[in-house]
Amino acid sequence: MKKMVSLLVSEVSTAKLHGILLGSVGPRPIAFASTLDKQGRPNLSPFSFFNVFSANPPILIFSPARRVRNNTTKHTLENILDTMEVVINVVNYAMVQQVSLASTEYEEGVNEFIKAGFTMLESDMVKPFRVKEAPVQFECKVTKVEPLGKEGGAGNLVFCEVIKVHLDEEILDENGNVDQYKIDQVARMGGGWYSRANLGLFEVPKPISTLGIGIDQLPSHIRLSAVLTGNDLGKLGNIEQLPSKEEVRNYINKNRELRTLISLGDPGQLHKKAQDLLSSNDLLAAWIVLLAESEI
C-alpha cells in the first residue's frame, strides 16, 4: 500500500515548503520580465510563478516573491511599483542558459541584458525594453499589484494588461498561429530542473468538443484492467460511440495479428495491444481490440 508523508504547513519551514511547492507544481511557464527603475536603468529577470488569466482584457499575472532568506524584495517588483510597466518575454530552449544567468542577483542598476548577452529592443507603447531573442514579447501596463503577505516567501501578484504583442514569424504556422513545436518553450521544474516542451509534447482532446461515454461506462473487465493506466482509461472514456459488433468482426477478419492474440486466450495481451494503439492515438482500433476479448 502506498505510504504518504503528511506535513502540517504551520510546522514546516518556509524554505522547505518552498522546495516542496516548486518541486510538485510544474512544469511552470517562465515570465522573463523586463523593467526600468526610476532612473531609467534596465532590469531583466525570470519568474516561474506565472500564467495567462484572461483574454478580454488580456491579462498575464506573475509573482515576484519576497526572498525567503532575508525577506527583501526584488528589483523587478520595486521597478514595477515605481513605473507600472513591464515587458514579459517568452523563453525558449535556445535562450534558457542565458535566462538562468539573468536570474543572478546582481546589484541594483546592473543591466542583465548585458550580463546575460541579450539584445535590447525598444518597445512601442511602454518604456521597458523587449528581448530581441525571445520568440514572443508582451508589452504590458500593470493594472495593480496585490501583496500576499509581508514575510519571506510571500508573493506579489502583478496584474499585467497586454497592450501589444510581438511574434517571431519563424514560430508561426501557415495560418498565422503559434506552432507548438517551433516555439520550443521551456518551463521550470523543482531545483535546477527544466522541461523542454516540444520533446515531450502530446495532445489531449478537449472533452468540450466531444461527449465521451465516461470511464464509469467502461465494461468492468476494461475498467479494472491490470494493464491499462488511468490515462488509458481516460482516452477510452472519451469515445462518443462504441464500434459495432460488425466493425469488430470485420477488423478481426482483416487482422492476422489480432486473430493470433485472440487464439492465445490471454486478455492481458489484448490489453497491451490496445495500450500500444492508444499511445498512437488510434482510439477506435484500441476499442475494437478490447471488444475482441469477447471472442476468447
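How do the axes of α8 and helix α9 (residues 267-279) cross, and within what distance do they come? They come within 8 Å and cross at roughly 150°, where axes are lines fitted to C-alpha atoms, for helices over the stretch in contact, and angles run from 0 to 180 degrees between N-to-C directions. This is a predicted model, in which local features need pLDDT of at least 70 and side-chain atom pairs count only at pLDDT 80 or more, while totals for chains, interfaces and linings use all residues. Residues are numbered from 1 along each chain as its sequence is written, and side-chain values use heavy atoms, with hydrogens and water left out.

- Helices (H or I, at least four residues) and strands (E, at least two) are DSSP runs, numbered from the N terminus.
- α8 and α9 are roughly antiparallel to each other, a label for angles over 145 degrees, whereas those under 35 count as roughly parallel, 65 to 115 as roughly perpendicular and the rest as oblique.
- Their contact (heavy atoms within 4.5 Å) is made by E257, L258, L261 and I262 of α8 together with Q269, L270 and K273 of α9.
- The axes of helix α7 (residues 245-254) and helix α8 (residues 256-264) come within 5 Å and cross at roughly 100°, which makes α7 roughly perpendicular to α8.
- On the α7 side the residues that meet α8 are Y251, I252, N253 and K254, and their counterparts in α8 are R256, L258, R259 and I262.

**The sheet**

- An open sheet is formed by 7 strands in the order β2-β1-β5-β8-β9-β4-β3, with antiparallel pairing; two strands pair if DSSP finds at least two bridges between them.
- The edge strands, each pairing on one side only, are β2 (42-47) and β3 (50-55).
- Strand β4 (residues 58-62) is joined by 4 bridges to strand β9 (residues 156-167), and these two run antiparallel; within this pairing, L60 has C160 in β9 as its bridge partner.
- Helix α2 packs on the sheet, touching β1 (31-36), β2, β4, β5 (85-90), β8 (136-147) and β9, and its direction makes about 55° with that of β1.

**T76 in helix α2**

- T76 is found in helix α2 (residues 75-83) and is buried, with a relative accessible area of 1%; buried means under 20% relative accessible area, exposed over 50% and partly exposed in between (1.4 Å probe, protein chains only).
- Leaving aside neighbours within four places in sequence, T76 is in contact with A33, T35, N43, S45, F47 and F62.
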